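The following note concerns the aromatic side chains of a predicted model.

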Amino acid sequence: MTVAASMAMAVMVPRVPSVSARCSAVPYLPPRSFGRSSFTVPAKLLSGNGLHKVELMKTRASSSDETSTAIDTNELFTDLKEKWDGLENKTTVIIYGGGAIVAVWLSSIVVGAINSVPLLPKVMELVGLGYTGWFVYRYLLFKSSRKELAEDIDSLKKKIAGTE
């Protein structure tokens, strides 16, 4: 009887791991000291031309970043100014641009409203996955359907460009 009771007690007692487990996937790092020694240059860089190469790379990176961004922005503004001056109907461009901004704003509001409904976002994800699966099966799976898709895209490009 005592053996059965001790077996029951052994089963009922929870086992605690002997090593404490951390819940993080990040490895343990010792704390940093912010003394003078943390800002010293490693001895590997001091030997030979290591330090010179590091300083050279810093100099090249800082000088090339400053000049390339300044040239690109100036070229961009001059190109935009030339294109704006070359437009005949500026009011139409302003109306279309304003309409595009309003359309993006309204679509953002609609997507936010749809996202706030509890079940609707998951249903929309399923609809998107279903459509993606249908598109892959219809246009991308077989060689003949890929050719058909390429022809459809070319005809659409021609319609947009006005060459058809």
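1. Tyr-131 and Trp-134 both belong to helix H5, which spans residues 120-140; helices here are DSSP runs of H or I with at least four residues, numbered from the N terminus. The two residues are 3 positions apart, about one turn of the helix.

2. Tyr-131 is exposed, at a relative accessible area of 53%, whereas Trp-134 is partly exposed, at 42%. Buried means under 20% relative accessible area, exposed over 50%, and partly exposed in between, with a 1.4 Å probe and protein chains only.

3. Tyr-137 and Phe-142 form an edge-to-face aromatic pair, with 6.1 Å between centres and 80° between the planes. Rings of Phe, Tyr and Trp (its six-membered ring) pair if their centres lie within 6.5 Å; planes under 30 degrees apart count as stacked, over 60 as edge-to-face and the rest as tilted. Tyr-137 is exposed at 54% relative accessibility, and Phe-142 is partly exposed at 44%.

4. The whole structure contains 4 aromatic pairs. One of them joins Tyr-131 and Trp-134 in a tilted arrangement, 5.6 Å centre to centre with 35° between the planes.

5. Ring pairs connect Tyr-131, Trp-134, Phe-135 and Tyr-139 into a cluster. Arg-138 lies over the face of Tyr-139, 4.7 Å from the ring centre; this requires CZ of Arg, or NZ of Lys, within 6 Å of the ring centre and within 35 degrees of the ring normal.

6. Residues are numbered from 1 along each chain as its sequence is written, and side-chain values use heavy atoms, without hydrogens and water. Because the model is predicted, local features need pLDDT of at least 70 and side-chain atom pairs count only at pLDDT 80 or more, while totals for chains, interfaces and linings use all residues.
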